[in-house]
Amino acid sequence: MNILRHEDMDSGCSAQCNGNFESPWSKTVTSYGDEHSYFALELNYNYDVQGYKYGNDFASITIHSRQAIINAQKFLDKSQMQSDSKSLVISSPDGHRIILIDKDIEKDEDPVKCLSLNVYNLKKSTDYYTRLLNMTIIEEESNKNRVRLSYNNLTTNERSKYNFRLDNQCQLELIENKHPIDRGTGYGRAAFSCPVKDIDIIQNRIEKDGQKILISKMKLGRFLDFNKNTVVILSDPDEHEICFVGEENYSVSCEIDSNAEDKCRKGLRQASKNPDKYEIGEDKSTKCEKNY
């Protein structure tokens, strides 16, 4: 993957992009290509957090890449890998599970194929994503224990008005876990772009159904930023977070920064100003309870 953008922030995000922490933080966006056409990972680093408690919310991310398998076998310890004839399962430094499939892809095809999340009640979660968020079930990839979802399964090179790819998108997979979902403090969120006008429609539908909205519609950006993004952050039945961002402005803010890698390296050299502010597994809510 390549680093597309890197930003350092002086304080916590008003939309909790860095989790429930009041800390200087950075975000590093990585992908196999530009965000108009490829799935992107946003890696968040809180400078004042010693570590996280990880839950059972995240299942895996699936990538089709023979080169990634070659790299993993070359650079990773074998104790960090599980393999069979078609795939290699590795773990990130924080323990996130990555499934590498030994398969070639077509030119301009996104290697990232699926983001998998654990859910407690598959039927309830599937209803939420299909009925309320209008996602479509991919029947041939689903069974009684897991459901694959997508916003578009076309193969026609279709694009949105602001040039975001609509075909062959990374799929969202829900896997029934049979145990209540504990997200810990090191959780993330899934994000989708859409026209700004759809954000009001989504928020109204969620409110009408009595579902949880974590962050109501708001403008997100720096104080003097004239290209603020419109977002709404939802919380599904297992409290997985889903962000919808208006594509009109995001199509500009997601442009590749040619200096991103240098900015990232500089950020990694930045020392925490308050390394003991949050102990491992602690966030703003648990810190308040502890002090109380």
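## Helix faces, aromatic pairs and a pocket

The buried residues of α5 pack against β1 (2–9) and β2 (25–31). Contact here means heavy atoms within 4.5 Å. This is a predicted model, in which local features need pLDDT of at least 70, side-chain atom pairs count only at pLDDT 80 or more, and totals for chains, interfaces and linings use all residues. Residues are numbered from 1 along each chain as its sequence is written, and side-chain values use heavy atoms, with hydrogens and water left out.

**Two helices**

Helices (H or I, at least four residues) and strands (E, at least two) are DSSP runs, numbered from the N terminus. Buried means under 20% relative accessible area, exposed over 50%, and partly exposed in between (1.4 Å probe, protein chains only).

Which residues of helix α5 (residues 260–268) are buried? They are Ala-260, Cys-264 and Gly-267. These residues cover an arc of only 65° around the axis, which puts them on the same side of α5. The arc is that of the directions from the helix axis to the C-beta atoms. The face of α5 turned away from its buried side carries Asp-262 and Lys-266, both exposed. An α-helix has 3.6 residues a turn, so residues three or four places apart point the same way.

Helix α1 (residues 66–75) buries Ala-68, Ile-69 and Ala-72. Their arc around the axis is only 100°, so they lie on the same side of α1. On the other side of α1, Lys-74 and Phe-75 are exposed. The packing partners of the buried α1 residues are β5 (81–83), β6 (87–91) and β7 (97–101).

**Aromatic pairs**

Rings of Phe, Tyr and Trp (its six-membered ring) pair if their centres lie within 6.5 Å; planes under 30 degrees apart count as stacked, over 60 as edge-to-face and the rest as tilted. How many aromatic pairs does a search of the whole structure find? It finds eight. Among them is Tyr-128 with Tyr-129: the ring centres are 5.3 Å apart and the planes stand at 70°, so the pair is edge-to-face. Tyr-128 is buried, at a relative accessible area of 1%. Tyr-129 also counts as buried, at 1% relative accessibility.

Phe-164 and Tyr-250 form a stacked pair, 6.4 Å centre to centre with 15° between the planes. This pair links distant parts of the chain, 86 residues apart. Phe-164 sits in the loop between β10 (146–150) and β11 (171–176), and Tyr-250 in helix α4 (residues 247–253). Phe-164 is buried, with a relative accessible area of 5%. Tyr-250 counts as buried at 17% relative accessibility.

Phe-21, Tyr-52, Tyr-54 and Tyr-278 form one aromatic cluster.

**Loop residues**

| Residue | Relative accessible area | Class |
|---|---|---|
| Asp-48 | 4% | buried |
| Asn-168 | 35% | partly exposed |
| Asp-84 | 51% | exposed |
| Lys-178 | 59% | exposed |

Asp-48 lies in the loop between β3 (40–46) and β4 (58–64). Asp-48 and Ala-271 are 223 residues apart in sequence, yet 9.2 Å apart in space, C-alpha to C-alpha. Asp-84 is in the loop between β5 and β6. Its C-alpha atom is separated by 15 Å from that of Ser-65, 19 residues away along the chain.

Asn-168 has a positive phi of about 50°, although it is not a glycine. Asn-168 belongs to the loop between β10 and β11. Lys-178, another residue other than glycine, has a positive phi near 70°. Lys-178 is placed in the loop between β11 and β12 (189–194).

**The second largest pocket**

On a 1 Å grid over the protein atoms alone, a pocket is an open set of points where a 1.4 Å probe fits, with protein on both sides within 12 Å along at least five of seven lines; lining residues have an atom within 4 Å of a point. Grid points are joined across faces, edges and corners, and a volume is the space filled by probe spheres set on the points.

The second largest pocket has a volume of about 280 Å³. Of its 15 lining residues, the closest to the centre are Arg-183, Gly-184, Tyr-187, Glu-239 and Glu-241. The elements that give two or more residues to this lining are β13 (212–220) and α6 (284–291). By class, the lining has two nonpolar, seven polar and six charged residues. Ala, Val, Leu, Ile, Met, Phe, Trp, Tyr, Cys and Pro count as nonpolar, Asp, Glu, Lys and Arg as charged, and the others, Gly among them, as polar.
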